[in-house]
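Dear colleague,

I am passing on the structure we spoke about, and below it you will find my notes on what came out of the analysis. Please read them with the coordinates open beside you.

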Amino acid sequence: MTQTTTSPSPNTPDRALLMDRGVPGRRGIRLPNLDVPAQPLPSADLLRDDLPLPELSQPEVVRYFTRLSQLNYSIDTQFYPLGSCTMKYNPKINDQVALLPGMANLHPMAPAQAAQGALKLMHRLQQYLADAAGMATASLATMAGAQGELAGVLMIHAYHQRRGETDRNLMLIPDSAHGTNPASAAMGGFTVAAIPSDARGNMDIVALREAAGPHLAGLMLTLPSTLGLFENNILEICDIVHRAGGLVYGDGANMNALLGQAKFGALGFDVVHINLHKTFSTPHGGGGPGAGPVCAGPTLTPFLPAPLVERASAGGKEAYHFTTPAQTIGKVGAFHGNFGVLVRAYAYIRALGGEGLRQVSEDAVLNANYLQARLRNAYDLAYDRLCMHEVVLSAGRQKKQGVKGLDIAKRLLDYGFHAPTMYFPLIVDEALMIEPTETEGKETLDAFIDAMLAIATEAQETPDLVRNAPHATPVSRLDEARAARQPDLRWKAKA
Amino acid sequence: MTTPFTPYIPNTDADRQAMLKAIGVSSVADLFQNIPTAYRNPPLHIPPPLSELELRRELETLAAENRHAGAGPSFLGAGAYNHYVPAVSLAIANRGEFLTAYTPYQPEVSQGTLQVTYELQSLTCQLLDMEVANAGMYEGASALAEAALMACRVTHRYRVAYRDTLSPSYRAVVATYTAPQGIELYPVAPGAPLKPETACLIVQHPNFYGYLEDLTALEQTAHKDGALLVVSADPTAATLFKTPGSYGADIVTAEGQPLGLPLSFGGPYIGLFTCKSQYLRQMPGRIVGRTVDTQGRTAYVLTLQTREQHIRRERATSNICTSEALLGLMVVVYLATLGKHGLRQVAELCYHKAHYAASLIAKLPGYRLPMNGTFFQEFAVQCPKPPREVNAALLERGIIGGLDISDAYPNGMLLCVTEMNTREEIEALAKALSATR
């Protein structure tokens with residue numbers, strides 16, 4: 001299986017860049033002729049004289065990008081069990097309805113009476129999301145999970161400021177948290193302190209109690225945790241934070257495990273963001289766009305980012321318009337959020353209905369526990385208990401055989417599966433975090449299990465095969481050190 | 001009891017039973033036993049499921065309640081521009097291999113996305129005439145806000161100045177991002193000096209009202225006091241007018257939407273982000289670099305990640321972990337398809353049509369163009385009565401007028417004309433305005 005040749009083959013794509021393709025004079029599209037009298041141009045000293053961009057015909061453009069697309073793994077082509085990313089199937093109808101002309105060609109500053117359909121959709125989505133999270137109100141303005149986090153911590157900041165408690169500047173974050181949590185808290189002007197996890201993967205309650213002092217602003221908590229576990233002491237944790245005068249921020253990245261099973265608001269969270277590109281099936285697009293709506297309980301609703309959509313009745317007719325919450329933290333983008341993503345999430349919720357959403361979390365959790373049960377003999381479990389929507393394995397045993405978690409992840413690519421999330425959470429040695437989602441059936445899970453078991457055997461018997469993987473991919477392992485030490489970040493004309 | 005069927009979930013009840021048996025529990029409910037009993041299974045107030053046919057009809061009905069920019073004349077701009085989206089852009093962006101991939105953490109199976117991102121960085125630099133670019137930000141306003149934060153990190157200063165011709169919504173977003181870090185945000189008039197310890201001067205070019213700024217003078221204002229010049233640019237205008245980079249801008253951001261992204265009621269868009277290479281290590285966002293694989297083949301990979309949140313956590317340059325990659329792909333396809341000549345042609349169509357419209361409106365009794373200078377595709381008009389009333393009258397004639405900017409200029413309206421507006425539409429606008437006095 002080891003490939004030694006570097007000679008071109010029919011399946012080795014030509015990797016030349018756009019600026020090195022095409023021929024001067026070629027064009028990819030015909031534009032309309034000027035149909036008004038030409039107007040005087042400004043003086044030449046204001047005008048640009050050269051525009052160094054590609055010159056290609058349309059077939060060249062299409063073939064270039066289509067060939068590039070074939071170098072990707074994707075949900076449409078592979079099982080993609082990337083932990084904490086919820087790589088579920090993205091329904092095709094959702095993309096189609098988001099591109100209906102009435103949606104895709106609607107200008108963001110169109111007057112409200114010309115955008116009633118869009119506003120109605122946003123208003124309903126606000127309600128559905130707030131209900132699923134058990135919160136009072138949702139703002140759809142935030143354009144990514146990390147921006148939802150930033151909005152959430154800014155709301156907590158504004159809340160304490162408004163109460164005159166200006167010295168509440170401490171944000172607590174579990175050591176298992178995603179890196180965006182501390183980064184968002186720092187952008188929000190907070191000092192960050194980490195709370196350790198205990199032997200069962202729960203938050204260390206004693207450490208939390210000690211940290212929850214007079215400067216406490218809040219706690220950022222992912223539920224289920226990034227270890228794929230439901231925090232057993234969640235009620236007590238929220239109580240400790242509230243008694244100390246702090247607020248609880250929920251990172252809803254893992255909400256796929258909770259749909260219809262439990263609600264953040266009821267458990268004691270004050271604000272939570274939801275990743276529509278995870279739980280609500282909108283496509284990841286190779287790294288965006290997503291959307292990270294923020295849902296607030298009654299305490300923080302006045303601070304939500306602008307705008308919200310409100311319904312009013314006038315003369316027996318209902319009408320929708322944008323409003324700004326009374327003590328808003330402000331605007332987080334030029335317009336009203338990633339509307340095209342919101343349309344897809346709305347369509348997803350309507351297609352599944354309440355019962356379908358509950359089925360989502362049931363099958364997501366069932367699939368993850370099935371993987372855990374079938375893989376627990378070949379790999380170490382980070383925590384030996386029922387998991388939620390994802391399972392964190394440790395390749396600690398394989399590491400002793402000279403094969404790292406990274407190698408196992410790369411070897412999975414040869415078997416036609418995307419790799420799990422590696423080396424996260426940071427507190428698990430050689431972590432492999434596997435999230436199957438509900439949109440994979442038992443046969444796919446069994447094929448993945450077979451591959452994982454085969455790799456565990458390879459790690460013992462033919463470790464080099466694993467250490468040098470992948471072998472069957474368009475390129476082999478990359479020289480990442482060179483990329484960082486000698487940054488080559490853009491095309492440059494040949495000297 | 002049979003579980004209700006859901007088209008996106010493959011498991012059958014037989015599968016579920018086999019899996020429960022392997023796990024060693026008797027029901028799915030047992031898997032949720034860690035949730036406190038009293039909090040389990042709350043009711044969801046979400047309507048029952050729709051068939052795909054019903055869903056499509058519902059969304060078509062909602063879409064039909066919107067008067068979109070393709071349904072008739074529309075003259076709105078103000079940060080989102082009605083340009084033609086080539087068929088090629090949507091065809092490529094809808095390929096599942098691009099659409100349904102994640103961030104390229106496994107470069108061996110993500111070379112498509114990675115090479116496209118390297119192309120985006122390359123062509124963004126070519127277009128905006130800057131040295132380095134990242135993989136993209138959420139959109140134009142938050143990209144500008146991140147540029148302001150970056151300027152503070154570079155200079156270790158905590159004041160941010162802006163020309164007051166900056167878009168009000170952009171100013172608001174910059175305020176949201178800078179305030180919590182104790183950064184002072186203040187406006188400056190042309191010719192006025194900056195306050196001491198100012199990190200950067202922000203200029204929108206063309207400005208919110210569509211006019212070119214005097215970047216030569218503003219560059220001197222900024223650099224004389226050791227502040228960075230941060231420019232929020234329009235990418236279409238950058239193909240026609242001298243680039244901010246040629247005036248010595250240190251950081252240039254832009255809304256990428258005009259480069260072939262649907263208006264989509266304000267998003268998703270992409271923020272383009274470029275700077276001088278000396279500031280590279282303070283740049284936020286994803287960056288893709290070119291390297292080789294173990295066999296010496298050219299390949300691309302996410303790089304310089306020690307700036308980012310997953311490594312640096314609270315000391316990261318930003319919390320951002322998306323690059324709006326799909327929109328970045330569409331921008332690259334647009335730039336490749338229109339190319340050197342097409343982009344300039346679009347900009348010239350916009351310029352001539354907008355100036356033709358302005359020349360007609362300037363002649364109308366009661367209407368005047370209150371601003372002087374060179375504009376691109378947008379211009380301010382002073383109306384004889386409140387723009388709200390003018391726009392209502394236009395809408396009755398099937399025309400979506402300009403943005404009401406009467407809070408900035410008495411009876412001011414901001415009109416935008418692009419290649420999408422035909423001569424007939426422009427003349428119909430002038431006629432309708434003339435009838436609305």
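In chain B, contacts between residues 24 or more positions apart make up 71% of those with a separation of 6 or more. Please bear in mind throughout that this is a predicted model, and that every value here was computed from it.

To stay with chain B for a moment, its elements comprise 12 helices and 12 strands, and its C-alpha atoms occupy a box of roughly 80 × 55 × 50 Å when taken along the principal axes. Of the 437 residues in chain B, 61% count as buried.

Together with helix 7 (residues 168-178) of chain B, strand 2 and strand 3 of chain B form a right-handed β-α-β unit.

B:L128 and B:D214, which are 86 residues apart in sequence, are 17 Å apart in space, C-alpha to C-alpha.

Turning to how the two chains meet, the contact draws 171 residues from chain B and 169 residues from chain A. On the side of chain B that touches chain A, the largest share, 21 residues, is supplied by helix 10 (residues 325-362) of chain B. That side of chain B is made up of 83 nonpolar, 61 polar and 27 charged residues.

Finally, chain A is divided into domain 1 (93-352) and domain 2 (354-474), and the centres of these two domains of chain A, taken over C-alpha atoms, are separated by 30 Å. Where they meet, 20 residues of domain 1 of chain A are in contact with 21 residues of domain 2 of chain A, and the side belonging to domain 1 of chain A consists of 9 nonpolar, 9 polar and 2 charged residues.

With best wishes

Technical notes:
Residues are numbered from 1 along each chain as its sequence is written. Chains are lettered from A and ligands numbered from 1 in the order in which they are written. This is a predicted model: local features need pLDDT of at least 70, side-chain atom pairs count only at pLDDT 80 or more; totals for chains, interfaces and linings use all residues. Two residues are in contact if their C-beta atoms, placed from the backbone, lie within 7 Å. Helices (H or I, at least four residues) and strands (E, at least two) are DSSP runs, numbered from the N terminus. Ala, Val, Leu, Ile, Met, Phe, Trp, Tyr, Cys and Pro count as nonpolar, Asp, Glu, Lys and Arg as charged, and the others, Gly among them, as polar. Domain bounds come from an automatic or database domain assignment. A residue is buried if 20 or more other C-beta atoms lie within 10 Å of its own, exposed if 12 or fewer, and partly exposed in between; C-beta atoms are placed from the backbone. A crossover is right-handed if, with the strands pointing away from the viewer, the path from the first strand over the helix to the second runs clockwise.
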